[in-house]
Amino acid sequence: MANLLYRLGRFSYQRRRLVAAIWTFVLVALGVGALTLGGSTSNTFSIPGTESQRALDALSKDLPSASGASASVVVKAPEGKTLMDPAVKAAVGATVTQVAKVPEVIAAIDPFTSKAISPDGRTGLISVQFDKAADELSKDSTEAYDNLKSLSTGDLQVVPGGQVVGGPPEIGSTEAIGVAVAAVVLVVTFGSLVAAGMTLLTALLGVLAGMAGLFIVTSFTEVSSTAPILALMLGLAVGIDYALFISSRHRSQLAAGMDEEESVARATATAGSAVTFAGATVVIALAGLSVVGVPFLTAMGLAAAATVLTAVLVALTLLPALLGFMGRKVLPRKLRKTAAAPAVEGFGFRWARFVTRFRIPIVAVGIIGLGVLAIPTQDMRLALPDGATAAAGTNQRVAYDLSAEAFGPGSNGPLVVVVKSDSAATSAALVGQVSAKAKGLADVVAVQPGPASKDGSTQLVSVIPKSGPASQETADLVKNLRDTVRPLETGGSTISITGNTAIGVDVSNKLTAALPVYLLIVIGLSFLLLLLAFRSILVPLKATLGFLLTIGATFGITVAVFQNGWGASLFGVDSPGPLVSFLPIIMMGILFGLAMDYEVFIVSRVREEFVHGKHATEATIQGVGHGARVVTAAALIMAAVFAGFILVHDPIIKTIGFGLTVGVLIDAFVVRMAIVPAVLSLLGDRAWAFPKWLDRITPKVDIEGDSLQTPKEQHLVTAD
């Protein structure tokens with residue numbers, strides 16, 4: 001591999017104008033395609049093969065009017081009045097008229113007809129039915145619905161609620177904070193505005209290419225609204241890191257006196273090999289989400305994987321070309337005219353010697369400390385987001401709180417029982433039996449008959465829980481209700497439970513069942529990849545065990561903040577609650593890939609020193625010492641990019657951003673910079689032991705660039 005990348009780096013340097021022109025053409029073509037072909041993203045959580053999804057599919061076929069998005073507009077009378085007061089009742093009637101005029105609304109039922117009035121008479125719900133699913137509604141429709149709040153007067157407070165007003169998360173100025181911090185870290189690391197700017201530019205170009213390609217794809221297939229944010233988050237982080245790693249190696253070689261063209265080629269061959277393997281592990285981890293069998297997770301994983309792959313291609317082709325344009329300007333001014341600078345051992349070497357000296361206490365403290373941080377993980381609860389998790393002050397959150405206060409928290413998440421048989425009479429009889437059984441269950445406050453299909457064969461029953469949609473009590477109710485009504489099915493009749501909580505339960509169950517398979521495939525493939533790269537069994541095994549420490553501590557801290565509420569206000573979390581159902585598997589996939597990034601960055605240099613003749617402990621010191629500055633900068637940059645997303649109002653993005661920030665800092669500074677070198681020092685030469693029979697059948701990829709060495713050049717190949 002080193003030879004192939006060496007030739008690629010040299011070609012990109014020599015033909016830099018051609019390479020730059022090709023990338024310019026690609027970027028322009030993708031930009032035009034995104035503007036002309038780009039479709040819209042989706043908020044749908046479709047889970048094929050689950051009971052809740054089968055119920056929704058049945059509704060879409062037999063009762064289309066009930067399969068579209070439904071919502072409730074909360075109306076509340078002022079203090080001292082009720083909805084029955086003449087002026088207030090007139091205001092309610094006028095509001096219902098305006099709700100019915102919202103595009104794509106097919107029904108707006110006033111609270112007097114539906115009897116949806118609170119016991120104190122002050123609060124009512126206007127039931128709204130759309131003719132399309134929430135993610136298929138037009139922008140005009142969602143904006144008109146959201147603007148119903150402007151109907152509020154002194155006689156009536158009007159708040160539109162439901163999932164309809166929860167649009168896709170937007171990319172705003174808060175995400176730019178991470179990029180700004182990354183720019184500062186790059187300037188400090190390189191001591192050169194040119195080098196920092198070039199590294200940041202290549203990362204941004206890679207992200208633009210990846211994002212443009214993703215928006216083109218939205219015109220051909222359904223893509224989750226979270227996918228672009230995730231792709232942007234990862235693309236920026238790994239794009240900067242990969243460019244930093246290669247640029248840093250090139251700069252150190254230039255400072256040691258190497259020729260510019262040779263330095264670019266060698267940096268692409270050595271650091272580029274590490275980037276290739278690191279990128280491959282991230283891509284495997286993200287693309288592996290496809291095995292879960294959940295469409296929106298597959299789309300998210302593939303979108304992010306494509307952006308990471310683009311970042312790797314940019315780092316291996318466009319970056320060497322830009323390095324050719326910059327020449328020695330990538331060095332600080334004081335080094336540009338110097339033939340060679342003397343090597344100076346910095347803090348990284350002192351840290352590496354400290355770690356190898358106190359290796360046993362460091363391993364013990366690291367493992368025990370991360371184990372303690374992982375303790376809250378055992379209390380993790382999962383659910384789909386609802387109005388309770390929306391940002392304070394938003395229509396969705398205000399409507400949720402008003403409805404919960406007036407009718408109880410369960411009013412925000414009714415369970416829907418879909419009864420289907422071969423005749424109206426049979427379905428009607430089943431509805432009666434279902435209603436009777438449901439009323440006898442704990443945590444049920446009301447059971448109401450719903451609409452029926454034209455032939456009456458499909459009928460609905462609404463079950464109002466006592467507890468909120470995301471509570472464990474409602475999740476238990478879903479299970480109890482299913483167990484209770486399933487024996488009522490006879491012949492060709494079916495009874496299915498759906499609704500937001502039921503969908504959340506099904507999502508969690510499916511993801512939990514798929515998680516072992518996912519981890520087996522992803523960790524297995526990555527283990528083989530690292531075995532191929534390092535020609536060692538213990539090193540990939542150590543890398544995997546280190547990841548388990550990282551993910552345990554990360555989940556523990558995330559649960560403590562977002563679910564248990566410890567310090568939640570510091571991160572803009574208004575209402576702590578269950579984590580979103582797909583968070584664990586998403587976090588595992590991303591953090592595993594990123595953990596292997598730092599593993600490859602550090603250990604590849606350690607192996608490089610080892611195969612070039614240094615003792616195992618000294619190779620560890622040299623590898624960590626040379627790589628500490630780059631890995632520290634890379635981790636701070638990646639954490640800064642992820643941290644910028646904590647400021648986003650969307651609770652899903654906020655939680656993912658927080659978890660990835662914590663995970664990167666733990667993995668880079670505790671696991672890879674402390675525990676890993678300590679363990680390598682403990683293992684000594686055994687870390688690099690490789691069975692002869694396995695060595696004979698394992699292809700040699702030469703990640704350390706040993707095949708590029710010549711006796712005359714050995715003294716020039718230096719570290720970053």
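Tutor: Rings of Phe, Tyr and Trp (its six-membered ring) pair if their centres lie within 6.5 Å; planes under 30 degrees apart count as stacked, over 60 as edge-to-face and the rest as tilted. By that test, a search of the whole structure finds seven aromatic pairs.

Student: What makes the pair of F130 and Y145 edge-to-face?

Tutor: The ring centres of F130 and Y145 are 5.7 Å apart and their planes stand at 75 degrees, so the pair is edge-to-face. F130 sits in strand β3 (residues 123–130) and Y145 in helix α7 (residues 139–146), so this pair ties together parts 15 residues apart in sequence. Helices (H or I, at least four residues) and strands (E, at least two) are DSSP runs, numbered from the N terminus. Both F130 and Y145 are buried.

Student: Why is the pair of F610 and W688 called stacked?

Tutor: The centres of F610 and W688 are also 5.7 Å apart, but the planes are at 25 degrees, so the pair is stacked. F610 belongs to helix α21 (residues 583–611), and W688 to the loop between α23 (651–683) and α24 (692–697), so the pair ties together parts 78 residues apart in sequence.

Student: What model and numbering do these values rest on?

Tutor: This is a predicted model: local features need pLDDT of at least 70, side-chain atom pairs count only at pLDDT 80 or more, and totals for chains, interfaces and linings use all residues. Residues are numbered from 1 along each chain as its sequence is written, and side-chain values use heavy atoms, with hydrogens and water left out.

Student: What makes G301 buried?

Tutor: Its relative accessible area is 0%, so G301 is buried. G301 is in helix α12 (residues 295–326). Leaving aside neighbours within four places in sequence, G301 is in contact (heavy atoms within 4.5 Å) with L286, A287 and L289. The C-alpha atoms of G301 and A227 are 7.8 Å apart, although 74 residues separate them along the chain.

Student: Which backbone angle stands out at E104, and is E104 buried or exposed?

Tutor: Phi of E104 is near 75 degrees, a positive value in a residue other than glycine. E104 lies in the loop between α5 (86–100) and β2 (105–109). With a relative accessible area of 19%, E104 is buried.

Student: Why does R535 count as buried?

Tutor: R535 has 10% relative accessibility, so it counts as buried. R535 also has a positive phi, about 50 degrees, although it is not a glycine. R535 is in the loop between α19 (500–534) and α20 (538–563).

Student: Now the whole chain. How many helices and strands are there, and why is the chain called as compact as a globular protein of its length?

Tutor: The chain has 24 helices and 10 strands. Its radius of gyration is 29 Å, close to the 27 Å that the globule rule gives for 720 residues, so the chain is as compact as a globular protein of that length. The radius is taken over C-alpha atoms, and the rule is 2.2 Å times the number of residues to the power 0.38. Buried residues make up 56% of the 720 residues.

How values were computed: Buried < 20%, exposed > 50% of the residue type's maximum accessible area, 1.4 Å probe, protein only.
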